[in-house]
Amino acid sequence: MSSLYTRSKEMEIQNPRSYPEHKSGVSFFDDHEVELEEEDDDLKQLAGHSKQNGFATSYNSIDPAYGSSMSRGELLSIETMNQRIKAMDYAVRGKIVQQAEQHVEALKRGEARPFTEVIFANIGNPQAIGQPYLLYVRQVLALVTCPWILKQPELRKGFPEDVISRAEEILNNSHGVGAYSTSKGLPIVRQYVCRFLKQRDGYAADPEHIFLTNGASDGVKLVLTLLIRSEQDGVLIPVPQYPLYSATLTLIGGEQVGYHLEEGNGWALNISELESALNLSESKGIKVRALVVINPGNPTGQLLSESNMREVVSLCERENMVLMADEVYQVNVYSETKKFVSFKKIVSDMRSTVKLVSFHSTSKGVMGECGFRGGYMELVNFEESVIDQIYKYCSVSLCPNVSGQVLCSLMVHPPQPGDASYESHRKEYNDIFQTLKRKAQKLSKALSEFEGITC
């Protein structure tokens, strides 16, 4: 594109406020001639040769998401902001939660309410409602956050040897938690993730295909951004779903293509329902680029059977869709007759070529460390050139937070048999798991006692 210029100085083009005669509400291009070369059609559209339109109106003609017409002097307002942000809805932090926060503040001020406490159950935030942390995890974090402790003999004695060795290993393979890591995350942590995946699924993983993320959410947003090219691109998302998916699609301008889970069949995923949603979207000119499966389900709690998962993989192969597997609740399976199986295992068992992205997080499960924002995503069957572009995207944010990366390594590689902390860590872990299981069963029973509700 050739440069935009006028008979005036180039600096004045870059800063229209330098013109004393410029007035609010008058297009910059009204009073100053703009010359453009013939091939600059896109710049002509932006500049707006029509003096009736002016700069802002022409800009809006490119993408209405930027808001209604405005003058050059107008500040950012609710009318002139990106309208997709206004349209975005994220109910788990919406008006009900904001009202609840107001009640909390009122109680602190001593104002009367018909209750004495507000319990926030709008989102999975375990430690906010009393779930304890795992001591081993916090001990390692304490040492990597303040390595000075390791140099104090008396303080050092207060930590088990395996905690010390783990902290030193992390410090020796990084520049500490206060320094940036590589954009994919610390290599040592990605290697631990690969060992975990091999042990879980029986198949090797490549550390160069592992991206550490700020919770699972950042990974989900990254992949959706990668997929959506225009408003004619869509993604299949379950109904009901965790609103991260619908909110992100609204923000980036993609189409939400909902598929309904079968409530009367334990919230099962019906392949014919997926095919119907696909056909309907295609009749509207929507190209479905990916399928989101939340397994175990959120908020529905169902666990897909292996046969059902194979059907899903086969459908993605036939329809050329990326499979996005949200597996952050993989530890929270309380049935004695069911166990979690990953989509990575199913895809590998089938020797499928389907493109799979799976997500995991330190925020859920037994760890429940939401505030540290740790997680990872694994890319399977992706071209190296695409992975390179994802790396470039991640490099814009430099790196995921390093404390969260440390948490991720402790999630996938906890104390092993024979380690000093193994027995105590195992007991703490099992106690938290059993508590979560009892709460889930108690809640299920209580809900089922309501008329018209089964759980």
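Here is a short chat about reading the nonpolar cores and aromatic rings of a predicted model.

Biologist: Where should I start with nonpolar side chains, and which residues have the most contacts inside the largest nonpolar core?

Modeller: In soluble globular proteins, nonpolar side chains tend to be buried together. Here, the largest nonpolar core has 40 residues, and Val140, Leu143, Val144, Val193 and Tyr376 have the most contacts inside it. Helices α7, α9, α10, α17 and α18, along with strand β1, each supply at least two residues of this core.

Biologist: Let's zoom in on one residue. What does Val140 touch?

Modeller: Leaving out residues up to four places away in sequence, Val140 touches Val163, Arg166, Ala167, Ile170, Val406 and Leu410. There's also a second, separate core of 29 residues, with Leu261, Leu291, Val313 and Phe343 among them.

Biologist: Okay, rings next. How do I describe an aromatic pair, and which residues form one here?

Modeller: You describe a pair of aromatic rings by the distance of the centres and the angle of the planes. In this model, the count comes to one aromatic pair. Tyr334 and Phe433 form that pair, 5.4 Å centre to centre with 55° between the planes, and it's tilted. Tyr334 lies in the loop between β5 and α15, while Phe433 is in helix α18, 99 residues apart, so the pair links distant parts of the chain.

Biologist: Is Phe433 buried or exposed?

Modeller: Phe433 is buried, because its relative accessible area is 17% and buried means under 20%. Tyr334 has 22%, so Tyr334 counts as partly exposed.

Biologist: And what sits over the ring of Tyr192?

Modeller: That's the charged end of Arg166, 4.7 Å from the ring's centre.

How values were computed. Residues are numbered from 1 along each chain as its sequence is written. This is a predicted model: local features need pLDDT of at least 70, side-chain atom pairs count only at pLDDT 80 or more; totals for chains, interfaces and linings use all residues. Side-chain values use heavy atoms; hydrogens and water are left out. A nonpolar core is a set of buried Ala, Val, Leu, Ile, Met, Phe, Trp, Tyr and Cys residues joined through side-chain atoms within 4.5 Å. Buried means under 20% relative accessible area, exposed over 50%, partly exposed in between (1.4 Å probe, protein chains only). Helices (H or I, at least four residues) and strands (E, at least two) are DSSP runs, numbered from the N terminus. Contact means heavy atoms within 4.5 Å. Rings of Phe, Tyr and Trp (its six-membered ring) pair if their centres lie within 6.5 Å; planes under 30 degrees apart count as stacked, over 60 as edge-to-face and the rest as tilted. A charge sits over a ring if NZ of Lys or CZ of Arg is within 6 Å of the ring centre and within 35 degrees of the ring normal.
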